[in-house]
Amino acid sequence: MRYSPTLLDHFLNPRNAGLMRDPDGTGVDEYEGCGDLARFFLRVRDGRVAEVRFQTYGCGPTIAAASAASERVAGRTVEELLSLKPQEVEDAVDGLPEDRKHAADVVAGALRAAALDALGRRQGEVG
Amino acid sequence: MSRRVYLDHNASTPVHPEVVAEMLPYFGERFGNPSSVHGFGREARAGVDTARERVARFLGAAPDEVVFTSGGTESDNMALKGIAFARGRGHFITSKIEHHAVLRAAQWLETQGFAVTYVGVDGHGMVDPDEVERALRPDTIGISIMHANSEIGTIQPIAAIGRLARERGIPFHVDAVQTFGKLEFDVDAVGIDLLSFSSHKIYGPKGIAGLYIRKGTKMVSVQHGGEHERRRRAGTENVPGIVGFGKAVEIRGRDMKDEHARLTALRDRLWDGIRARVPEVRLNGHPTERLPGTANLGYRGVESESIVLGLDLKGIGVSAGSACTSGSVEPSYVLVAMGVPLEWAMGAVRHSLGRSTTAEDIDYVVESVEPIVRKLRAVMPVGAA
């Protein structure tokens, strides 16, 4: 099999999939030249990620990467999330084939965008 | 994984056991080169001759009108380039939904100074013979229209197009790789001058195919070397492949009719079962004028490769209408030419049935598809496609 058991498990049983009402931050990333898209919603409490939801459009690895990343980033500070690397997302699904690396890029990009949005809203409130 | 269901027969088929048995001696005691004059060579030559006669009979052709090639791609290339270079200049007509073997050969001919018109198709993937007629020019030297498209299975009106070509003395090439051995037709009745056909789509081995060339068709060879295939295609014959191909064709002559009816019923059972359970699904291709075993279904708003992966994990082999390989995803050019909206085209899945497919297989696929599509739609943002 071309994909790891972890990836297939997340593909078949995605965790934290779906919409979130009144999120504290949202972010979208789309892979250029490819229709793959990930959208993340964050609930932030005391500066940390309390809840994550996602939607994706794309091939199986993108769905799995979004699901695995949603579990991995829970509890982190929003600032930490700003520097999330694609490699960490890839590690969360135990690796991606070369021609599917973009799944990690798009998921990491959307999570970073959501963190930036959350930070902006928080600063807006403070200001 | 317990159950395995193969619904990708338009991609390739397993070699029929009777074909394997027929081939085996030609790997061993009958290994000779058919060009050799001694007994070893004559044994191999006899195998090739028998196969050629079987293929010719099936086509309604003469044995010397059949040239064996290495695959459908070579046959298509030989047909287009053979016509083109026998004439030196001129204009071709083909369609936008041809196999890449025809499309890219035609595109290459454009770089060599030939002109090509690519006619469109309607929403069912059907070429309009009137559009072919309107595309004709005084310098048209060839028409190439496929018999049925591998993705959607729509069967083209080749008899009407053949009449147009014959009235004007223009060579007519038909890529019949997906219909040869599945549909009954006679090259004379349809007015075909060149016909590509392949072995591994009809339970024969890979690496062997053929091109029918009507006697008197002006052609040049594109592969030079020895005197093989009446100097039309140089290279030592793939004897076991040819022998196997001949046997596969003979078996098709025996089984084709019954299988046509059986697969048509199973194909419709699949479509009826899925559309009864899954919302927002469409059939891509002609509702009736379609290959007996082909059902291309489009799921709105879902990415087809995800469905293929989901079905693969259930032991089911189907193929995706779009593929995201090197970081770019393109919907099928066939579906685009048909005008299928993007959000449907991206979710296209082809099911192609074959001789081993049973009603139980179809029911298993129908049951498996519904939860996969439902789950995928749950994670996919509405309208993202």
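## Chain B at a glance

Chain B contains 13 helices and 15 strands. Please keep in mind as you look around that this is a predicted model. The C-alpha atoms of chain B occupy a box of roughly 70 × 55 × 40 Å along the principal axes. A compact globule of 385 residues would have a radius of gyration near 21 Å, so the 22 Å found for chain B agrees with that expectation.

Inside chain B, 52% of the 385 residues count as buried. Take the contacts between residues at least 6 apart in sequence: 73% of them join residues at least 24 apart.

## A seven-stranded sheet

To find your way into chain B, try its open sheet of seven strands, ordered E2-E8-E7-E6-E5-E3-E4 with mixed pairing. At the edges are strand E2 (66-69) and strand E4 (115-119) of chain B, each pairing on one side only. On average, neighbouring strands of this sheet are turned by 20° against each other, direction ignored.

Within the sheet, strand E5 (residues 140-144) and strand E6 (residues 172-175) of chain B pair in the parallel sense, over two bridges. Here Ile143(B) stands opposite Phe172(B) of E6(B). Helix H6 (residues 158-168) of chain B packs on the sheet and touches both E5 and E6 of chain B; the direction of H6 makes about 160° with that of E6(B).

## The largest nonpolar core

In soluble globular proteins, nonpolar side chains tend to be buried together. The largest nonpolar core here has 148 residues, and those touching the most other members are Phe40(A), Ala65(A), Ala69(A), Val107(A), Leu111(A), Tyr212(B) and Ile307(B). Helix H9 (residues 239-277) of chain B gives the most to this core, with twelve residues. Domain 1 (5-12 + 256-379) and domain 2 (17-252) of chain B both give residues to the core, so it lies between them.

Beyond its neighbours within four places in sequence, Phe40(A) is in contact with Thr26(A), Gly27(A), Val52(A), Phe54(A), Ala110(A), Leu111(A) and Ala114(A).

## Two residues with positive phi

Most residues other than glycine have a negative phi. Asn16(A), although not a glycine, has a positive phi of about 65°. You will find Asn16(A) in the loop between helix H1 (5-12) and strand E1 (25-30) of chain A. Asn16(A) counts as partly exposed because it has 19 C-beta neighbours inside 10 Å.

Arg231(B) is not a glycine either, and has a positive phi of about 65°. Arg231(B) sits in helix H8 (residues 228-231) of chain B. With 11 other C-beta atoms within 10 Å, Arg231(B) is exposed.

Notes
Residues numbered from 1 in each chain as written. Chains lettered and ligands numbered in written order. Predicted model: local features only at pLDDT ≥ 70, side-chain atom pairs only at ≥ 80, totals over all residues. Pairing = 2+ DSSP bridges. Helix = DSSP H or I, 4+ residues; strand = E, 2+ residues; numbered from the N terminus. Axes fitted to C-alpha atoms, helices over the stretch in contact; angles between N-to-C directions. Contact = placed C-beta atoms within 7 Å. Rg over C-alpha atoms; globule rule 2.2 N^0.38 Å. Buried ≥ 20, exposed ≤ 12 C-beta atoms within 10 Å, placed from the backbone. Core = buried A, V, L, I, M, F, W, Y, C linked by C-beta atoms within 7 Å. Domains from an automatic or database assignment.
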